[in-house]
Amino acid sequence: MPETGDLTYNKEMLNVEQPNGSITITKDHIQTYCDATGHPISQDESGRIEVPVNMLNVFFNRSVQVGSDVKLEGASVGLNAGRSIEVFDQVFEGDTLDRSAIFKEVYTKTGRSGTMAFEVWEILFKNDNGELVARATDSMVYRAPGKPGK
Amino acid sequence: MDDISIDVGDELDLMDWVPDKDMVASLMSLSGWLSNFGDEKDDNEESNDSPMSGPNRFTDIKSAQDEGFRGLIVPGNYGMMAMESAVKQWIPSSTIKKLDCVFRQPLMQGDQVQVGGVVTDRVEELDKVILELDLYIMRDDGQRPQGGTAIVEIGSI
C-alpha cells in the first residue's frame, strides 16, 4: 500500500468567499461548446441563445488570492472526484457572471490504495444584480501515484 | 413519445460518445487552460499560467503515464457535459436544474463510451413536470466510470 502521511491545510480560509473574476459568455463560446459536446443549441421565445447548464463547468475556476494549501504527505496525484451543478436562473448569451470561490471542506478516507484527502470547493456564479444564478460544488481527491502505465 | 408523457422507468436513448483529443483541447481552450500555454516570458516576468497551462495528464502522454494512467485522460467534468447532451437529445424541451456526478474512474481520450440513464421519479406540478434521472457513462466492458443524478424540468404542460 502506498504510504501517505500528515494532512495539512489553511484552516483560516475555510468558508471564506473570495472573488475570482467575471466571465461574459458569447455566442462563439456557446457554439464552440456545442460543437465539442454535441449539445443542441437552444433559444428562448425571443430568440436569445441559452447557455447549456454544464457549460458553466467550463468556467469553473478556483484560482483565488489565498488558497487552501491542502497537502497530504506522499499524495502527489490530484484528481477530480466529483462535481455538482445547480442552476437557479437561465443564463443567456451575452450575460456577464461574477464568480466567487469558497473552500468548504477537507477530509481523509483510507482504502485499499491508501489514505486519500478530499478537498471540496464551491463556486458561485452571480448576475449583474448580485443574484445567485448557479452554484457548482467540486471535490478533488489527492492520493499517492499508481503504477505507471496502468 | 412526447416529452410530457415520459414516466418512471423510461430509459434515455443511449448516446455514443468519443471524448477525443480535439474535443478536450477545444473545451480546455474555452476554459482558458491552454490560452497561454507556451508563451515566452522574460526571465523576471512572473508566470500567470493557468494550473493546466503546462504539460499535464490531459495533453501530454508522458505526464499522464507518470501519474499512473495508460494514456491521456479526459477532465472528469466533461462527462457531465455528455450526460447533459444525452438528456437534451432525448428530451429537447427539458431544462436541467441540477446535476450531481461522481467520477469513479478516469475516462481515456479516444475510448468510445455510451451515455445512458433511467427516469427514477416524476412529479407533476401546475405547469411543469419534474423528473429525476439516474445517469451513467458506460465503457465497452460494462464498467461505469461516471454516474450521477439529474433533476430535469419539462414545462409547460
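Two residues are in contact if their C-beta atoms, placed from the backbone, lie within 7 Å. Axes are lines fitted to C-alpha atoms, for helices over the stretch in contact, and angles run from 0 to 180 degrees between N-to-C directions. Helices (H or I, at least four residues) and strands (E, at least two) are DSSP runs, numbered from the N terminus.

The model is predicted: local features need pLDDT of at least 70, side-chain atom pairs count only at pLDDT 80 or more, and totals for chains, interfaces and linings use all residues. Residues are numbered from 1 along each chain as its sequence is written, and chains are lettered from A, with ligands numbered from 1, in the order in which they are written.

**Exercise 1. Describe the side of chain A that touches chain B.**

Step 1. Count the residues: 30 of chain A are in contact with 29 of chain B.

Step 2. Assign them to elements. Helix H1 (27–37), helix H2 (55–58) and strand E4 (77–87) of chain A each supply at least two residues of this side. E4(A) gives the largest share, nine residues.

Step 3. Sort by residue class. The side divides into 14 nonpolar, twelve polar and four charged residues. Here Ala, Val, Leu, Ile, Met, Phe, Trp, Tyr, Cys and Pro count as nonpolar, Asp, Glu, Lys and Arg as charged, and the others, Gly among them, as polar.

**Exercise 2. Trace the sheet of ten strands and find its edges.**

Step 1. Strands pair if DSSP finds at least two bridges between them. E4(A) is joined to strand E3 (residues 94–103) of chain B by five bridges, in antiparallel fashion. In this pairing A:Gly82 stands opposite B:Val102.

Step 2. Continue into chain B. E3(B) pairs with strand E7 (residues 146–155) of chain B over nine bridges, again antiparallel, and B:Cys101 has B:Gly148 of E7(B) as its bridge partner.

Step 3. Place the helix. Helix H3 (residues 78–90) of chain B lies across E4 of chain A together with E1, E3, strand E5 (113–124), strand E6 (128–138) and E7 of chain B, and runs at about 145° to E3(B).

**Exercise 3. Which residues of helix H1 (residues 21–31) of chain B are buried, and why do they line one face?**

Step 1. Apply the cut-offs: a residue is buried if 20 or more other C-beta atoms lie within 10 Å of its own, exposed if 12 or fewer, and partly exposed in between, with C-beta atoms placed from the backbone. The buried residues of H1(B) are B:Met23, B:Val24, B:Leu27 and B:Met28.

Step 2. Look down the axis of H1(B). The buried residues fall within an arc of 125°, so they line one face of the helix. The arc is that of the directions from the helix axis to the C-beta atoms.

Step 3. Identify the cover, which includes H1 and H2 of chain A together with strand E2 (73–74) and H3 of chain B.

**Exercise 4. Is A:Glu131 buried or exposed?**

Step 1. Locate A:Glu131 in the loop between strand E6 (114–126) and strand E7 (132–143) of chain A.

Step 2. Count neighbours. A:Glu131 has 10 C-beta neighbours inside 10 Å and therefore counts as exposed.
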